[in-house]
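Me: I would like to learn how to read a model like this one, feature by feature. Can we take it as a dialogue?

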2 protein chains.
Amino acid sequence: MSLLTILHRHKEKTGSSGEEKILKHYEVLIIGAGTAGLSAQKEVAKTTDNYLVVDSGPLGTTCARVGCMPSKVLIEAAHIFQQRTKFNAIGASACESKLDSAALLRHVRQLRDRFVNGVKKDMEPWMSTHLRSAQARFVGAGELELDGERITADKIIVATGSEATVPAPWRAAGQVLHTTDTFFEMETLPASLAVLGAGAIGLELSQALARLGVKVTLFGEPGSLGNISDPEIRRYATPRFREELEFVEGLVDAVAAHEQGVEITVGSQKYHAEKVLVAIGRAPRVRDLNLKALGQPLNKKGLPPLDKDMRVEGSNVFFVGDVNGIRPILHEAADQGRSVGREPSENPADEPRARARLAITFTYPQIAVAGKNFKELEESAEDFVFGEARFDGQGRALAKLENVGMIRVYARRTCGLMLGAELFAPAGEHLAHLLCWAIDSEATVFDLLRRPFYHPTLEEGLRTALRDLSHKVEIEPKPWSYLHSMDPPAGTYCP
Amino acid sequence: MSLLTILHRHKEKTGSSGEEKILKHYEVLIIGAGTAGLSAQKEVAKTTDNYLVVDSGPLGTTCARVGCMPSKVLIEAAHIFQQRTKFNAIGASACESKLDSAALLRHVRQLRDRFVNGVKKDMEPWMSTHLRSAQARFVGAGELELDGERITADKIIVATGSEATVPAPWRAAGQVLHTTDTFFEMETLPASLAVLGAGAIGLELSQALARLGVKVTLFGEPGSLGNISDPEIRRYATPRFREELEFVEGLVDAVAAHEQGVEITVGSQKYHAEKVLVAIGRAPRVRDLNLKALGQPLNKKGLPPLDKDMRVEGSNVFFVGDVNGIRPILHEAADQGRSVGREPSENPADEPRARARLAITFTYPQIAVAGKNFKELEESAEDFVFGEARFDGQGRALAKLENVGMIRVYARRTCGLMLGAELFAPAGEHLAHLLCWAIDSEATVFDLLRRPFYHPTLEEGLRTALRDLSHKVEIEPKPWSYLHSMDPPAGTYCP
């Protein structure tokens, strides 16, 4: 316990129960030692030693324990194993390799443990003095209870993250029902799996598991596949996914145990699988926080109203990271933690600012959004034009035997300012960074066409889309017209 | 033949021989239908129909026929086949697939033909009227001979490309000696191969062939490996390449036929292999052009002096693309062709400008340079600092089982302006585009740290290097200090 904490420590008689309670005061209290909470801690620790991080366990972050990391290990394993299907095309004989799914899942957990231990190791310098393993519970607007102790703080940062949503009736399915919290703990992969929810998590795991030999049936609401909002990309991508897995577009009415494992009901149709993975969404993990003690109306997710600084209106309580549901992805959660955790800076350049969005679904090829997506632009007042390119005949994609993909890029009609892009493309995650950084720096399509594109790269596929876009921007004469002269006919080699 | 050409056509008596020669005049004459020549043609055709492209064949560009494209098909095949070595780690049984190198080479040539046909198809609209299959030969400063005809032009664009350098004594080795001109025509891959030259072409083919089962011995001058100039990256990368192939650092004294195929002599050491691939460099393809007729002194490469516009001083003759040796890579060759081919623009923004360099060697992981390399900075007056990161413990690289790599990024000490980078990294080609575009737009390291980095991506490995770099820039207080707080200890998981 730090000196400052001791100085702030005193006892008081509580009014109602007459029971003696310890009241501690901290400068900052952080609830949740996940990505957002740990980012906040790093900032807080720069300016005070009088802080406490509370976590009810297990430690190691959602990302490393049950989220991005174990899923990526599984996805990359599937991608590696998938390469054997190209052997015939390159002149190699069929590969008879068999997958031992128990060994695969051990590999996933082994790397997962390495990532979790990395997180814990980073916490070591301050764990013994500033971390409490406990469940925090609000008892008033600025006061909490922790193992029977009363706590107050100048600033309270709630960073409890999110948890998979599972409708109560579905839980009766019992052991055959999984979320990502339990999925990677399985001994072996099931022979067949129903995946509920075709968003990023549901889709990327479905594709990987199908490639690993699981018979996957994916259920998603109409139009929800991989969060693709551009109808042209959805039209292009959907049949590609259907080549590998059964995709049922519809609303799931019921999930129940069945002699074959689990039964999924969609309207009058019944589907059966050995197990079910529920990935229909995530909700704030606030059940045990007793947020009603904050004295504010709670929304249907159980959250109080937050202002633009993620603060509960009129209080010293902040909600950062996945728990607030604003942008539930790691780099945004980390930024929110840093932003709220740090001391106000005297340097105006140090102010956080809204950055261009970047969202990636780790299928192969990847689905990605940079900046605004098609739907947001359609629903906005923005007058935009689009450019398009496909990878079916793209040179490098052909060489890689990965010639499946499509890009759509959006710019302001009157000036070519880059607004956004949706991708379903090989190296989509990398092309999306390139586009996102360009959008974030307010570049125009003409700026981008002046940048080097090495040959032969997948970036040249992006350039084809940018050239198409540049023709549609209504400036005459076009700036740097000579950059636009090499558009190849669709489907041919593009130098 | 176009109307304009006919109007310009007339006959004249030549003085010396008394023989009747046809003298034709064109607005533009382009010698060479490769990448640079074709780029020039596209621009020229926008403003005149009175032009001629001359090529002595074969058509299809060096890149598509014998350069970037067939090599990339081979390299990608090797990368695909290589994935089976990771099967054990992901829980799959050993893959006993055997490679049929004849089938592989057919695959390479089949895709190569598709690329070449794509180029030819793009030429179809103007081939019959504006392309002559012939060898052009200068007979004066602005006059050429073509199949006995005399030709003049307002502008002459020489774009004859380059050819592999093979010292004359080595040629005596005969059939066992290959350059990339003949390599992909082989029926089968040799059991063993000596590769002379450890630059981009030599190194990337050596690694791919070793992975395809060829016993490769690579010979390179000391310090030449993959054109890596940063000594730290060279120190890191060299043993990684040595795990897959024998690398002999030294000067090759002799190459000769031998009962086992070929004998390579380096000092007192002799090495033997079934075949040899010579990739020690490329020289301008000017032998048959009779450039001495230009009336200028020729340098040791056989080229006349060129001004900054790639023009032979005081003449109407331009040298563009690989033939001038300035930046012998495709996107620069294409730009040079466009730049010289187009009409002067009234729009000042339309002027070509020097762009940040981008150079990629397509090994796995890739070697790349963005902007200035370490050696150029060391030899310049620039006061620079560097940042560094390795991929050995990087999260996504671990998930991909590709956790080998290192990045060094360079910035101006006093302000953080990004100057350059050298990479030996997974997805190095993509990270290099990101860095090159940032350098090209004159971003600082602090600008880059404000951009989104998605999780879990290899771009986060780049961020680690950028954070390291940002600490070394001598500005206090650091702009946007809160972006710098998450440097993980080396080797642990980095969120």
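Me: Start with confidence. What average pLDDT does chain A have, and what share of its residues score at least 70?
Reply: Chain A averages a pLDDT of 91. At least 70 is reached by 91% of the residues.

Me: Where in chain A is the pLDDT below 50?
Reply: One such stretch is residues 1–18 of chain A. Beyond near neighbours in sequence, that stretch has 25 contacts in the model. Another is residues 484–495 of chain A, with 46 contacts counted in the same way. Where pLDDT is low, the predicted coordinates should not be read in detail.

Me: Next, symmetry. Which rotation superposes chain A on chain B?
Reply: A rotation of 180° does it, with 0.0 Å of shift along its axis. The RMSD is 0.0 Å. That is the relation of a two-fold axis.

Me: Why can one say that the copies meet through the same surface?
Reply: Compare the interface residues of the two chains. Of those in chain A, 99% are also interface residues in chain B, so the copies meet through the same surface.

Me: How is chain A divided into domains?
Reply: The domain assignment gives four entries. Domain 1 of chain A is made of 3–56 + 134–163 + 283–350. Domain 2 covers 64–102, domain 3 covers 165–282 and domain 4 covers 358–484. Taken over C-alpha atoms, the centres of domain 1 and domain 3 of chain A are 35 Å apart.

Me: Which strands pair with β20(B), and in what sense?
Reply: Take each pairing in turn. Strand β19 of chain B, residues 358–361, pairs with β20(B) in the antiparallel sense over 4 bridges. These two strands form a hairpin, with 4 residues between them. Strand β23 of chain B, residues 418–425, also runs antiparallel to β20(B), and 6 bridges join them.

Me: Which bridge partners does B:Val369 have?
Reply: B:Val369 is the bridge partner of B:Ala359. In β23(B), the bridge partner of B:Val369 is B:Glu422.

Me: On to packing. How many residues does the largest nonpolar core have, and which have the most contacts inside it?
Reply: The largest nonpolar core has 227 residues. Those with the most contacts inside it are A:Val409, A:Leu466, B:Val409 and B:Leu466.

Me: What is A:Val409 in contact with, leaving aside its neighbours within four places in sequence?
Reply: Its contacts include A:Val385, A:Phe386, A:Met418, A:Leu435, A:Leu462, A:Leu466 and A:Leu469. A:Gly387 and A:Gly420 are also among them.

Me: Is A:Ala334 buried or exposed?
Reply: A:Ala334 is buried, with a relative accessible area of 3%. The residue lies in helix α9 of chain A, residues 330–341. Its C-alpha atom is 30 Å from that of A:Ile233, 101 residues apart along the chain.

Me: What does B:Gly60 show about sequence separation and distance?
Reply: B:Gly60 and B:Val119 are 59 residues apart along the chain, yet 5.7 Å separates their C-alpha atoms. B:Gly60 sits in the loop between β3 and α3 of chain B. Its relative accessible area is 0%, so B:Gly60 is buried. Not counting residues up to four places away in sequence, B:Gly60 touches B:Arg65, B:Val116 and B:Val119.

Me: Last, the backbone. What should I expect of phi and of peptide bonds?
Reply: Most residues other than glycine have a negative phi, and most peptide bonds are trans.

Me: Which peptide bonds are cis here?
Reply: A cis peptide bond joins B:Gly57 and B:Pro58, with omega about -10°. B:Pro58 is in the loop between β3 (51–55) and α3 (62–66) of chain B. The bond from B:His455 to B:Pro456 is also cis, with omega near -5°. B:Pro456 is in the loop between α13 (445–449) and α14 (459–472) of chain B.

Me: Where do A:Met310 and A:Glu442 lie, and is each buried or exposed?
Reply: A:Met310 has a positive phi, near 65°. The residue is in the loop between β17 (282–284) and β18 (317–319) of chain A. A:Met310 is buried, with a relative accessible area of 10%. A:Glu442 has a positive phi of about 60°. The loop between α12 (428–440) and α13 (445–449) of chain A holds A:Glu442. At 63% relative accessibility, A:Glu442 counts as exposed.

How values were computed:
Residues are numbered from 1 along each chain as its sequence is written. Chains are lettered from A and ligands numbered from 1 in the order in which they are written. This is a predicted model: local features need pLDDT of at least 70, side-chain atom pairs count only at pLDDT 80 or more; totals for chains, interfaces and linings use all residues. Side-chain values use heavy atoms; hydrogens and water are left out. Two strands pair if DSSP finds at least two bridges between them. Copies are superposed by least squares on the C-alpha atoms of residues with pLDDT of at least 70 in both. Contact means heavy atoms within 4.5 Å. Domain bounds come from an automatic or database domain assignment. A nonpolar core is a set of buried Ala, Val, Leu, Ile, Met, Phe, Trp, Tyr and Cys residues joined through side-chain atoms within 4.5 Å. Buried means under 20% relative accessible area, exposed over 50%, partly exposed in between (1.4 Å probe, protein chains only). pLDDT is the predictor's confidence in each residue, from 0 to 100.
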